[in-house]
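Notebook open, viewer open. I want to go through this one piece by piece and jot down what I look up.

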Amino acid sequence: MILHYSCPGCGAEMTYDIKKGKLHCNHCDREMELSEVEPWSGSGMTDSEILEGTEYHCPNCGGVMVSKDKGTSTLCAYCSAPMILADRLSGNRRPAKILPFHMDRQDAEEAFRKWCKNGRFAPKGFVSANNIQRLKGMYVPYWLFHFDAKVDVQARATNILVFMQGDYEVTETEIYNVHRAYNLQYQNIPYDGSSQLEDEEMAKLEPFNFDELRDFDMPYLAGFESSSYDFTDSELMPAVKEKVDKYVKDYAQGAVSGYTTVNIENRNIDFTREEDEFIFVPIWFVDYNYHGNVYKFMMNGQNGRIAGKPPVSQMKVNLWWGGISAVLFILCFIGSFFW
Ligand SMILES: [Zn+2]
Ligand SMILES: [Zn+2]
């Protein structure tokens, strides 16, 4: 089942306008609030049906597309009309929330150029060329985890005082049995649910501002690609738990302070897991062509943070080192006057 939004004025396809936060018709400029859109009520697909691949017909031009992966929205390959594959966005594959794009295409292009210009080691041609080959807005699947942790720490601590009494140096050791209990809340711990994206690269795009999460609604996807998760929250849990465990242990380690020595004798951590949420986060994918090579970058669609590596210019590296040695030389030169 393909969802799309035809303009009530002229019948053209409407897309979600990032700046206005509404559906917008590029043809006659008409706008529509998301609340005016009739909600979709369908039965949805099972996971095995999703994996099988489905044939879709573009509602605008009739073009046939086959979706094999977990794609949930796309643009028609023939006429660019937005297509939302609604039956892949239901049941436990319906996102709870969405973080809408802040940066539109123009903002993203500008932010990318600026970033290239600031690139210390990128060759001059890379910086000045206008070679953005493809800029694709995509909602990628994330899981948000929430934990409550009860931390109970028992420690033996000492305070050592040294003072003089007459001719004698006296060492006084005070011994304390310390008991500390803490309730810690870890909210919105993000983890990407896609097997296609490198965790390391995704981490470079963080943080996202989760205060701006909205309840998920289909029209947000009109004009953007999106994809469902490959990993369920349960599959990610061991990795997430390890991450949180480390936070809590670090906290517990520093929980008893203000003593000369601290020896932790017992540490008990109790986790309560609140319900995890499947969400969509906004990413601009940039393909950049330089001397026939395509370089790939990702940009946080909320704040413009970029991950990816531009090519290194040997000349710029040399110049940079040249600059450093010149400064060192001057410092030595000045130094020699005084020594
Ligand atoms: Zn229209
Ligand atoms: Zn089409």
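Terms before anything else: helices (H or I, at least four residues) and strands (E, at least two) are DSSP runs, numbered from the N terminus. With that, I place Pro 207 in the loop between helix H4 (199-205) and strand E12 (214-215). I looked there for the cis peptide bond that joins Glu 206 and Pro 207, with omega at about 10°.

Housekeeping. This is a predicted model, where local features need pLDDT of at least 70, side-chain atom pairs count only at pLDDT 80 or more, and totals for chains, interfaces and linings use all residues. Residues are numbered from 1 along each chain as its sequence is written, and chains are lettered from A and ligands numbered from 1 in the order in which they are written.

**Overall**

I get 6 helices and 17 strands for the protein. The radius of gyration, taken over C-alpha atoms, is judged against a globule rule of 2.2 Å times the number of residues to the power 0.38. For 339 residues a compact globule would come out near 20 Å, but the protein has 28 Å. The C-alpha trace spans about 100 × 65 × 35 Å along its principal axes.

For burial I use C-beta atoms placed from the backbone: a residue is buried if 20 or more others lie within 10 Å of its own, exposed if 12 or fewer, and partly exposed in between. By that count 25% of the 339 residues are buried. Contacts are pairs whose C-beta atoms, placed from the backbone, lie within 7 Å. Of the contacts with a separation of 6 or more, 69% are between residues 24 or more positions apart.

**Positive phi**

Ser 80 has phi near 65°, positive though the residue is not a glycine. I find Ser 80 in the loop between strand E7 (71-75) and strand E8 (82-85). It counts as partly exposed because it has 14 C-beta neighbours inside 10 Å.

Asn 188 is another non-glycine with a positive phi, about 55°. Asn 188 sits in strand E11 (residues 168-192). Its 15 C-beta neighbours inside 10 Å make Asn 188 partly exposed.

**Helix H2**

Ala 108, Phe 112 and Cys 116 are the buried residues of H2. They line one face of the helix, because seen down the axis they fall within an arc of 70° (the arc is that of the directions from the helix axis to the C-beta atoms). On the face turned away I noted exposed Gln 106, Lys 114, Lys 117 and Asn 118.

**Strand pairing**

Two strands pair if DSSP finds at least two bridges between them. I started with the open sheet of 3 strands, in the order E2-E3-E4, with antiparallel pairing. Its edge strands are E2 (14-17) and E4 (31-32), each pairing on one side only. E3 (residues 22-25) and E4 pair over 2 bridges, and His 24 stands opposite Glu 31.

Then I followed E15 (residues 277-290). E9 (residues 97-98) pairs with E15 in the parallel sense over 2 bridges, with Ile 98 partnered by Phe 280. E10 and E15 run antiparallel, joined by 12 bridges; Leu 135 has Val 286 as its bridge partner. E15 is also joined to E16 (residues 293-300) by 8 bridges, again antiparallel, and Trp 284 is partnered by Met 299. The hairpin of E15 and E16 has 2 residues between the strands, and His 291 in it takes a positive phi near 50°.

**Two spot checks**

Beyond four places in sequence, the contacts of Val 140 include Asp 192, Leu 197, Phe 280 and Ile 283.

Glu 265, in strand E14 (residues 261-273), counts as exposed with 10 C-beta neighbours inside 10 Å. Leaving out neighbours within four places in sequence, Glu 265 is in contact with Gln 154, Ala 155 and Arg 156. Glu 265 and Arg 156 are 109 residues apart along the chain, with 6.9 Å between their C-alpha atoms.

Technical notes: Contact = placed C-beta atoms within 7 Å.
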